Every structure is written in C-alpha cells, then in structure tokens.
Amino acid sequence: MMPPDKTKLGWMLEYYEKQIRRLGIYLQTEFRADETWIDRQNPDVVVLAEGSREFVPNLPGISDPAVRSVRQAFAVK
C-alpha cells in the first residue's frame, strides 16, 4: 500500500535496483556490521542507514483508538 502522492517513490526504488544490478554493485542490506567485519571486508564504501523513529506529538485526543500513526495505518497484517 502506498500513501497518496507517493507512488513515484516506488519508481525511484525500482530505478535504483536496476542501476545497482546493471553496475554490478554488491549491496548487502539488513545486516549488522561491526568494526572487525568492516576491516576484513575492506569495502570501498560503508553506508550507515539507521532508519527512523516515529514522533508522536502530545496533543489532546492522540491516544484515542481512532488515531493511528503512519506506520500503523500502512502496516501489513
């Protein structure tokens, strides 16, 4: 499921995936690397992508069951 007006994000990800394959780039994701592992691999580049944290403002009614965060609204069940 994609939020309205965000469909181009899917296109961008498809483009990057194709370019990574076309260029023969080795990409390892969802991996927890430590300094020893990185030193052994001797990579050209290491990208640290920690993700994000959701910010929930302290507003009246925010704890109402009908109020959902973006992550809750788009969670796959």
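Let me start with Asn42, which is placed in the loop between H2 and H3. This is a predicted model, so every value I give is computed from predicted atoms. Asn42 has a relative accessible area of 63%, which means that the residue counts as exposed, the cut-off for that class being over 50%. Its backbone also deserves a remark: phi of Asn42 is positive, about 50°, although the residue is not a glycine. For context, most residues other than glycine have a negative phi.

Glu30 is another case of this kind. Phi of Glu30 is near 50°, again a positive value in a residue other than glycine. Glu30 sits in the loop between H1 and H2. At a relative accessible area of 85%, Glu30 is exposed.

Tyr26 lies between H1 and H2, and Tyr26 is exposed because its relative accessible area, 67%, is over 50%.

Leu48 brings me to the pocket. What is the volume of the largest pocket? The value is about 1,100 Å³. The largest pocket is lined by 23 residues, and those closest to its centre are Gln28, Phe31, Val46, Val47 and Leu48. By class, the lining of the largest pocket consists of 13 nonpolar, five polar and five charged residues.

Next, helix H1, which covers residues 7-23. Leu9 is found in this helix. Is Leu9 buried, partly exposed or exposed? Its relative accessibility is 42%, so Leu9 is classed as partly exposed. Leu9 is also one member of a nonpolar patch on the surface, together with Met12, Leu13, Tyr15 and Tyr16. Taken together, the residues of this patch have about 510 Å² of accessible area.

Lys8 is placed in helix H1 as well. Lys8 counts as exposed because its relative accessibility is 59%. How far is the C-alpha atom of Lys8 from that of Arg71? The separation is 19 Å, for two residues that are 63 apart along the chain.

Leu59 is located in the loop between helix H2, residues 35-41, and helix H3, residues 70-73. Leu59 and Trp37 are 22 residues apart along the chain, and their C-alpha atoms are separated by 44 Å.

To go back over the backbone point: the residues I showed with a positive phi are Glu30, near 50°, and Asn42, about 50°. Glu30 is in the loop between H1 and H2, whereas Asn42 is in the loop between H2 and H3. That is what I have on this model.

Technical notes
Residues are numbered from 1 along each chain as its sequence is written. This is a predicted model: local features need pLDDT of at least 70, side-chain atom pairs count only at pLDDT 80 or more; totals for chains, interfaces and linings use all residues. Side-chain values use heavy atoms; hydrogens and water are left out. On a 1 Å grid over the protein atoms alone, a cavity is a set of points where a 1.4 Å probe fits but cannot get out, and a pocket is an open set with protein on both sides within 12 Å along at least five of seven lines; lining residues have an atom within 4 Å of a point. Grid points are joined across faces, edges and corners, and a volume is the space filled by probe spheres set on the points. Ala, Val, Leu, Ile, Met, Phe, Trp, Tyr, Cys and Pro count as nonpolar, Asp, Glu, Lys and Arg as charged, and the others, Gly among them, as polar. Patches are made of residues with over 30% relative accessible area and no salt bridge: like charges are joined within 9 Å, nonpolar side chains (Val, Leu, Ile, Met, Phe, Trp, Tyr) within 5 Å. Accessible areas come from the Shrake-Rupley method with a 1.4 Å probe; for residues, only the protein chains shown count as cover. A salt bridge is a side-chain nitrogen of Lys or Arg within 4 Å of a carboxyl oxygen of Asp or Glu. Helices (H or I, at least four residues) and strands (E, at least two) are DSSP runs, numbered from the N terminus. Buried means under 20% relative accessible area, exposed over 50%, partly exposed in between (1.4 Å probe, protein chains only).
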